[in-house]
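Colleague: I am new to this structure. Please show me how to read it, one feature at a time.

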Amino acid sequence: LAFVTLNLFPDDQTQAKREAERIAALLEQARDDAWFGGRPTLATFAATNVSVARVNRKRELEAIVDRTVALPASVKASLVSLANAPAPADATLPFVPDGLGVPFRVQVDAGTARRYIEGDAAGAIRILERPAT
């Protein structure tokens with residue numbers, strides 16, 4: 001019973017880690033979609049989800065159906081830094097086909113716990129408990 005309770009009602013640290021892992025995987029897919037698909041992709045951070053869209057051949061933005069992570073009500077994910085500067089509230093995270101990335105930091109809050117997802121110009125994406133200095 002205790003095991004079931006822990007899985008159904010994770011503590012803030014566990015939930016922050018779990019959601020950061022899910023979002024990091026989505027961002028890696030977005031990066032790979034751009035690299036291997038030859039089209040730019042954009043990750044958007046909303047109150048209830050993180051989603052990915054691509055630029056199509058008509059240069060229009062189209063959602064990628066299976067590229068959305070729904071966030072639990074107690075979790076917030078936001079793009080806080082883009083190209084080593086504070087990100088505007090409505091900023092999207094771009095991934096381009098040339099393999100070069102824009103450094104970024106995403107903050108994932110779950111109750112009192114926080115995790116960071118950081119990406120560098122080489123395309124590496126990692127999860128941290130504290131932001132790198």
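Modeller: Start with burial. A residue is buried under 20% relative accessible area, exposed over 50%, and partly exposed in between (1.4 Å probe, protein chains only). Aspartate 33 has 17% relative accessibility, so aspartate 33 counts as buried.

Colleague: What kind of model is this?

Modeller: This is a predicted model: local features need pLDDT of at least 70, side-chain atom pairs count only at pLDDT 80 or more, and totals for chains, interfaces and linings use all residues. Residues are numbered from 1 along each chain as its sequence is written, and side-chain values use heavy atoms, with hydrogens and water left out.

Colleague: How many salt bridges does a search of the whole structure find?

Modeller: The general idea comes before the count. Side chains of opposite charge can pair when their charged atoms come close. A salt bridge is a side-chain nitrogen of Lys or Arg within 4 Å of a carboxyl oxygen of Asp or Glu. The search finds nine.

Colleague: Which residue forms a salt bridge with glutamate 19?

Modeller: Arginine 22 does, and the closest N and O atoms are 2.9 Å apart. Here is the helix rule. An α-helix has 3.6 residues a turn, so residues three or four places apart point the same way. Glutamate 19 and arginine 22 are three residues apart in helix H2 (residues 12-37), so about one helical turn separates them. Helices (H or I, at least four residues) and strands (E, at least two) are DSSP runs, numbered from the N terminus.

Colleague: Is glutamate 19 buried or exposed?

Modeller: Buried, with a relative accessible area of 3%. Arginine 22 is partly exposed, at 34% relative accessibility.

Colleague: Which side chain meets aspartate 33 in a salt bridge?

Modeller: That of arginine 67, at 2.9 Å, N to O. Arginine 67 lies in strand S3 (residues 61-70) and aspartate 33 in helix H2, so the pair ties together parts that are 34 residues apart in sequence. Arginine 67 counts as buried, at 13% relative accessibility.

Colleague: What about glutamate 62 and arginine 54?

Modeller: Their side chains also meet in a salt bridge, at 3.7 Å, N to O. Glutamate 62 is partly exposed, at 32% relative accessibility. Arginine 54 is partly exposed too, with a relative accessible area of 28%. Salt bridges can also share partners: Asp33, Asp66 and Arg67 are joined into one network in this way.

Colleague: How do I read the length of H2?

Modeller: Compare the span with an expected one. The expected span of a helix is 1.5 Å times one less than its number of residues. H2 has 26 residues and reaches 36 Å from its first C-alpha to its last, close to the 38 Å expected. Glycine 38 follows H2, and its phi is positive, near 75°.

Colleague: What does glutamine 15 touch?

Modeller: Contact means heavy atoms within 4.5 Å. Leaving out residues up to four places away in sequence, glutamine 15 touches Pro10, Pro72, Ser74, Val75 and Ala110. Glutamine 15 is found in H2 and is buried, with a relative accessible area of 14%. Its side chain makes a polar contact with the side chain of serine 74, at 3.2 Å. A polar contact is a pair of N or O atoms within 3.5 Å; within protein, one must be able to donate a hydrogen and the other to accept it, and residues adjacent in sequence count only if both atoms are side-chain atoms.

Colleague: In what order do the five strands form the sheet?

Modeller: Two strands pair if DSSP finds at least two bridges between them. The order is S5-S4-S7-S8-S9, in an open sheet with antiparallel pairing. The edge strands are S5 (85-86) and S9 (125-128), each pairing on one side only.

Colleague: Where does H2 pack?

Modeller: On the sheet, touching S4, S7, strand S8 (113-119) and S9. The direction of H2 makes about 20° with that of S8. Axes are lines fitted to C-alpha atoms, for helices over the stretch in contact, and angles run from 0 to 180 degrees between N-to-C directions.

Colleague: How many bridges join S7 to S8?

Modeller: Seven, and the two strands run antiparallel. Aspartate 109 stands opposite arginine 114 in S8. The hairpin of S7 and S8 has two residues between the strands, and glycine 111 takes a positive phi near 60° there.
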